[in-house]
Amino acid sequence: MSFWETLEVAWEGLTLNKFRSFLTALGVIIGVAAVIIMLAVSAGAEVAIAEQINALGANLILVGPRRGEPGAARNFVYEDAQAIAALVSGIVGVSAEEFSMQPLEGSGVRLEDITILGVDAAFPLVRDYGVAQGRFFTAEEAERRLKVAVLGHGIAQDLFGAEDPVGQTLTIAATRFTIIGVMTEKGMVGDTDYDGRIYIPITVLFQYYARSQMGRDRIRTAYVKVENMEDLDRVIARITTVLAEKHGVNPARPDFTVQTQQEIISAQEATTATFRNLLAWVAGVSLLVGGIGIMNIMLVSVTERTREIGLRQALGANPDDVRGQFLLEAVILSLAGGVLGALLGVGGTELMNALGTIRMALVPASIPLAFGAAAAVGIFFGYYPANQAAQLDPIEALRRE
């Protein structure tokens, strides 16, 4: 028999019981869709992490205390950020950061537990974060410890609505501030709501809201913006040297960390790799279950159609023809399941993105990968039933009722 004749016979065998054929293919449909969706979830997580980190600003170096190091948090102070700004060349600016949670009141509205972020005047430049109304405070205002504040976009809306807040006052834990600006709308970046914060000079934060330890003003992070990416390694080495000398520690074992955005992204990618592998195994098990379902139904089909097999052999079909027929049936089921599963996977990915419930990024390579896996499942799990059919004795098969 020719290939097309075998294909026609195989198709007729599948259409004899359409609903059973659909249920058989359902396992492959779910498996293929799972492969595409799971990879999309993993890729979406990696993209979201990269976007969140890059949203901190371009060409950034993050300097902070080393976690788990005894006394490291106490030793990392505002003077460290000032030393970097004064002694390290090739940088655009440095902005130290520290925060405090305080109640505030403005325009007759009171808000509790609002993040008051103390920063340097270089904050908008270093963090690529613009001012929508008014202006940001200057280095001179920070040095003179003037009580000026810049509102996050969301806080400005909560306190003043459509009214212009610039020039008005607000009270932060009994201390009155003059509002000089409103930041552009930025929204959530990771777990941080940039629009829900108040920005004040870090010197003012130290004076009113953050207690000094033995006369030293601790900070949680210093952001350093490098002028040219080509100088990144040199700047990191210089920062390490400056802070190691200042802290009196070995540069090879410092009590602080100096990280770039790419290092943070790489660390996060290593974390998500385990998650991605787990998802791949789950999707693979789904395909395996689908393949077992195909094998099971094909074995049942061989038993049910034993007399048909014997009749075909009596009419001249050889074992290869019979084997090819049942193998084609299994492959058709798998490929049909692969097509429907791919459509379901792509559609599910787009739907999730449209609903905004979870960030997903379709991986184009996942479609041919899943489709090829479906074909492999059909061949692998279909061969044994097809071989069983080919080995039937025609005389015994014709006697079967």
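1. Buried here means under 20% relative accessible area. The model is predicted, and the points below take its parts in turn. Of the 401 residues of the chain, 46% count as buried. The chain has 14 helices and twelve strands. It exposes about 19,800 Å², and carbon and sulfur atoms supply 58% of that area. Among contacts between residues at least 6 apart in sequence, 79% join residues at least 24 apart.

2. Helix α9 covers residues 232-247, which makes 16 residues. From its first C-alpha to its last it reaches 22 Å, close to the 22 Å expected at 1.5 Å a residue. Its buried residues are Leu 232, Val 235, Ile 236, Ile 239, Thr 240, Val 242, Leu 243, Ala 244 and His 247. An α-helix has 3.6 residues a turn, so residues three or four places apart point the same way. The list of buried residues in α9 can be read with that in mind: it includes Leu 232, Val 235, Ile 236 and Ile 239. After α9 comes Gly 248, with a positive phi near 70 degrees.

3. A nonpolar patch lies on the surface. Its members are Phe 19, Phe 22, Leu 23, Leu 26, Ile 30, Val 339, Leu 340, Leu 343 and Phe 371, and together they have about 830 Å² of accessible area. Which helices each supply at least two residues of the patch? They are α2 (18-54) and α12 (319-355). The largest share, five residues, comes from α2. Phe 19 is in helix α2. Phe 19 counts as exposed because its relative accessibility is 57%, and the cut-off for exposed is over 50%.

4. Strand β6 (residues 169-172) has side chains that alternate. β6 pairs with strand β2 (residues 91-106) in the antiparallel sense, over two bridges. Within that pairing, Thr 171 of β6 is the bridge partner of Glu 105.

5. β6 also pairs with strand β7 (residues 175-183). How many bridges join these two strands? There are four, and the strands run antiparallel. Leu 170 stands opposite Phe 177 in β7. β6 and β7 form a hairpin with two residues between them. In the turn, Ala 173 has a positive phi of about 50 degrees.

6. The structure holds eight salt bridges. One of them joins Glu 97 and Arg 127, whose closest N and O atoms are 2.3 Å apart. Glu 97 lies in strand β2 and Arg 127 in the loop between α5 (123-126) and β4 (131-134), so the pair ties together parts that are 30 residues apart in sequence. Are the two residues buried or exposed? Glu 97 is buried, with a relative accessible area of 2%, and Arg 127 is buried as well, at 1%.

7. Glu 97 has a further salt bridge, with Arg 220, where the closest N and O atoms are 3.6 Å apart. This pair links distant parts of the chain, 123 residues apart: Glu 97 is in strand β2, and Arg 220 is in the loop between α8 (202-208) and β11 (221-226). Arg 220 is partly exposed, because its relative accessible area is 36%.

8. Glu 105, the bridge partner of Thr 171, forms a salt bridge with Arg 110, and the closest N and O atoms are 3.9 Å apart. Glu 105 is partly exposed, with a relative accessible area of 37%. Arg 110 counts as partly exposed too, at 48% relative accessibility.

9. Gly 118 is in strand β3 (residues 109-119). Its relative accessible area is 0%, so Gly 118 is buried. Which residues are in contact with Gly 118, leaving aside its neighbours within four places in sequence? They are Ala 96, Glu 97, Glu 98, Ile 200, Pro 201, Ile 202 and Leu 205. Glu 97 in this list is the residue that forms salt bridges with Arg 127 and Arg 220. Gly 118 and Phe 206 are 88 residues apart in sequence, yet their C-alpha atoms are 8.1 Å apart in space.

How values were computed. Residues numbered from 1 in each chain as written. Predicted model: local features only at pLDDT ≥ 70, side-chain atom pairs only at ≥ 80, totals over all residues. Heavy atoms only, no water. Expected span 1.5 Å × (residues − 1). Buried < 20%, exposed > 50% of the residue type's maximum accessible area, 1.4 Å probe, protein only. Patch = residues over 30% accessible without salt bridge, like charges linked within 9 Å, V, L, I, M, F, W, Y side chains within 5 Å. Areas by Shrake-Rupley, 256 points an atom, 1.4 Å probe, with all protein chains shown as cover. Salt bridge = Lys/Arg side-chain N within 4 Å of Asp/Glu carboxyl O. Pairing = 2+ DSSP bridges. Contact = heavy atoms within 4.5 Å.
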